[in-house]
Amino acid sequence: MKVLVTGGAGFIGSSFVRYVLRMRKEIDVVNFDLLTYAGNLRNVEEVAANPQYQFVRGDIADETQVENVFEQHRIEAIVNFAAETHVDRSIEDSRPFLRTNVEGTRCLLEQARKHKISKYVQISTDEVYGSLGSTGSFRENSPLDPSSPYSASKAAADLLVLAYYKTHRLPGLVTRCSNNYGPYQFPEKLIPVLITNAMEDRSLPIYGDGLNVREWIFADEHSRAVLLALERGTPGEIYNIGSGHEKTNLEVVGEILRLTNKPESLIQFVKDRPGHDRRYSIDCSKIRREWGWSPEMDFASGLATTIEWYRTNQAWVREIKDASYLSYYDRMYTRRDQTLAVLDS
Ligand code: NAD
Ligand code: DAU
C-alpha cells in the first residue's frame, strides 16, 4: 500500500514515518510536507535512503500540488498530520491556521475522493472538545467547544472529514490525541521550551498559575495508535488517543528541574494565555477495547528519554534557535518577561 503522509517532517509526523518504515515492509510512504518553520528534514534523516520512502515538498492547501502528488505516486491512503499546530501563534495570527488546517484538509479530501483512496486518517486533537473542570474526561461523543483559533480550525477540519464520509462515502476517520512530547519536538511547545531553557539556565516561562492540566503521551505511542487507525479504523468513526498521565504544568516543570538538576528559581510566572483551557483528560477506552492498544511508556521514563535526547542533540536545537524565523520565539518570551517585570515593579 502506498500512503501519503502529510506533515511527515514535523514532530509527530516524523515519528510516524520512522515507525511505519520500521514496522511494515508492505507500506510505502510518500512524505508530503511544505517545510514551514516547524518542518525539518533532519527529523527524517534516518529513513531518507529507505527504498520504501520518498519526500515531496508541497502545500496541502494548493490543490494542484496535491493533485500532482496523487497522480505521480498512485496514492492509496492518506494520513494527514500537516497543520499549523501552536496555539499561541494562532492567537497572534489565525490566517495560516485557517488556510492549512481547513482549506488544506478540504483539498486533500477532494483529491482523495477523485482518486478513490481506500482510507483517510485525519490527525486531530483533544483541544476540539474545549476545557474540563476538575473531574470527567472527553469521550468521542463529547460536544465540540474549541477555545482557540487553532482548535477551532482543527474542529472544522474534523467536521469536513466526517461530512465527506456522510456525503461522498469517502472512507475517512478522525483520531483525537492528547498532548504529545518526545524527541524532535519544536522548541516552542511547553516541554521542549522547559528542557532547552533549563539546559541553558534560562528562565522557564509558566503561564498563569501553572495549574492547567494536560495529559501527556510519548509521541511514538501516538504513532502506534495511528498505524492501527490506518489498518483497522472504521470510516466515519472518531477515536480518542491518550495516556492517562495528567499533570499540572507546575508538576511538569518540577520534574524537569529535578531531572536536569536545576534550581526552582528558574521558574518564571508570566502573563496567562488568552482563552487558556484549564484541563484536558481523554477517555480512550474505545481504542483499548477495539484495537487492544494501550500506552506503555510511563511519564517519568518518557521525560528522562526526552531530556537525554535534547542533551545529545544540541546541534538540532541550535540550528533551530539560530534560524531567523525564531524571532517569533524570542518576541514571545521577551514580551512576556517584560510584562511580568512591569507587574512586579
Ligand atoms: P508540527 O508543528 O511539529 O509539524 C507540522 C508539520 O506540518 C511540519 O512539518 C510542517 O512543515 C507541515 N506543514 C504545515 N503546513 C503545511 C502545508 N500547508 N502543507 C504541507 N505541510 C505543512 O506538528 P505536530 O505537533 O507534529 O502535530 C502534527 C499533527 O498532530 C497536527 O495535525 C496536530 O494538530 C496534531 N496533534 C498534535 C499534538 C501535539 O501535542 N503536538 C497533539 C494532538 C494532535
Ligand atoms: O492537546 C493537544 C494539543 O497539545 C495539540 O493539539 C497542539 O498542537 C499542541 O500544541 C498542544 O497544545 P497546548 O496548548 O496544550 O500545548 P503547549 O505546549 O503550547 O502548552 C502546554 C501547556 O503549557 C498549556 O497549559 C500552556 C502552558 N505553557 C506553554 C508554553 C509554550 C506554559 O505555561 N509556558 C509555555 O512557555
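## Asn80 and its contacts

The side chain of Asn80 reaches the backbone nitrogen of Ala82 at 3.2 Å. It is one of two polar links to describe here. The other is a polar contact of 2.5 Å that joins the side chains of Asn80 and Thr6. These values come from a predicted model.

Where does Asn80 lie? Its place is in strand E4, which covers residues 77-80. Is Asn80 buried or exposed? Asn80 has a relative accessible area of 1%. Buried means under 20%, so Asn80 counts as buried. Leave aside the neighbours within four places in sequence, and Asn80 is in contact with Thr6, Ile60, Thr105, Leu108, Tyr120, Val121, Gln122 and Ile123.

## Two domains

The protein is divided into two parts. Domain 1 is made of 2-180 + 217-241. Domain 2 is made of 183-214 + 247-274 + 301-338. Taken over C-alpha atoms, the centres of domain 1 and domain 2 are separated by 26 Å.

How many residues of each domain take part in contacts with the other? Domain 1 gives 18 residues, and these are in contact with 22 residues of domain 2.

## The nonpolar core

In soluble globular proteins, nonpolar side chains tend to be buried together. Here the largest nonpolar core has 91 residues. Leu4, Val79, Tyr120, Ile191 and Trp293 have the most contacts inside this core. At least three residues of the core come from domain 1, and at least three from domain 2.

Now look at Trp293. Which residues does Trp293 contact, leaving aside its neighbours within four places in sequence? They are Ile217, Glu221, Arg224, Ala225, Leu228, Ile241, Gly242, Cys284, Ile287 and Arg288.

## Leu230 in helix H7

Leu230 belongs to helix H7, residues 219-232. Its relative accessibility is 4%. The limit for buried is under 20%, so Leu230 counts as buried.

What does Leu230 touch, not counting residues up to four places away in sequence? It touches Met1, Val3, Ile27, Ala77, Val79, Lys119 and Val121. Leu230 and Ser118 are 112 residues apart along the chain, yet 9.7 Å separates their C-alpha atoms.

## Around ligand 1

There are 28 residues around ligand 1. Ile12, Asp33, Thr85, Tyr150 and Lys154 come nearest. An N or O atom in the side chain of Tyr150 is 2.7 Å from an oxygen atom of ligand 1. For the side chain of Lys154, the distance from an N or O atom to an oxygen atom of ligand 1 is 2.7 Å. How much of ligand 1 does the protein bury? Taken alone, ligand 1 exposes 840 Å², and the protein buries 97% of that.

Which elements give two or more residues to the shell around ligand 1? They are helix H1 (11-23), strand E5 (119-125), helix H5 (149-168) and strand E7 (179-181). E5 gives the largest share, with three residues.

## Around ligand 2

For Thr125, a polar side-chain atom lies 2.7 Å from an oxygen atom of ligand 2. For Asp126, the distance from a side-chain N or O atom to an oxygen atom of the ligand is 2.5 Å. For Asn179, a polar side-chain atom lies 2.7 Å from an oxygen atom of ligand 2.

On its own, ligand 2 has 690 Å² of accessible area, and the protein covers 95% of it.

## Two loop residues with positive phi

Leu35 is not a glycine, yet it has a positive phi of about 55 degrees. It sits in the loop between strand E2 (28-33) and strand E3 (53-57). Leu35 also meets a ligand. A backbone N or O atom of Leu35 lies 3.4 Å from an oxygen atom of ligand 1.

Lys116 is not a glycine either, and its phi is positive at about 50 degrees. The loop that holds Lys116 runs between helix H4 (95-114) and E5. Is Lys116 buried or exposed? Its relative accessibility is 71%. Exposed means over 50%, so Lys116 counts as exposed.

Definitions and conventions. Residues are numbered from 1 along each chain as its sequence is written. Chains are lettered from A and ligands numbered from 1 in the order in which they are written. This is a predicted model: local features need pLDDT of at least 70, side-chain atom pairs count only at pLDDT 80 or more; totals for chains, interfaces and linings use all residues. Side-chain values use heavy atoms; hydrogens and water are left out. A nonpolar core is a set of buried Ala, Val, Leu, Ile, Met, Phe, Trp, Tyr and Cys residues joined through side-chain atoms within 4.5 Å. Buried means under 20% relative accessible area, exposed over 50%, partly exposed in between (1.4 Å probe, protein chains only). Domain bounds come from an automatic or database domain assignment. Contact means heavy atoms within 4.5 Å. A residue is near a molecule or strand if one of its heavy atoms lies within 4 Å of it. A polar contact is a pair of N or O atoms within 3.5 Å; within protein, one must be able to donate a hydrogen and the other to accept it, and residues adjacent in sequence count only if both atoms are side-chain atoms. Accessible areas come from the Shrake-Rupley method with a 1.4 Å probe; for residues, only the protein chains shown count as cover. Helices (H or I, at least four residues) and strands (E, at least two) are DSSP runs, numbered from the N terminus.
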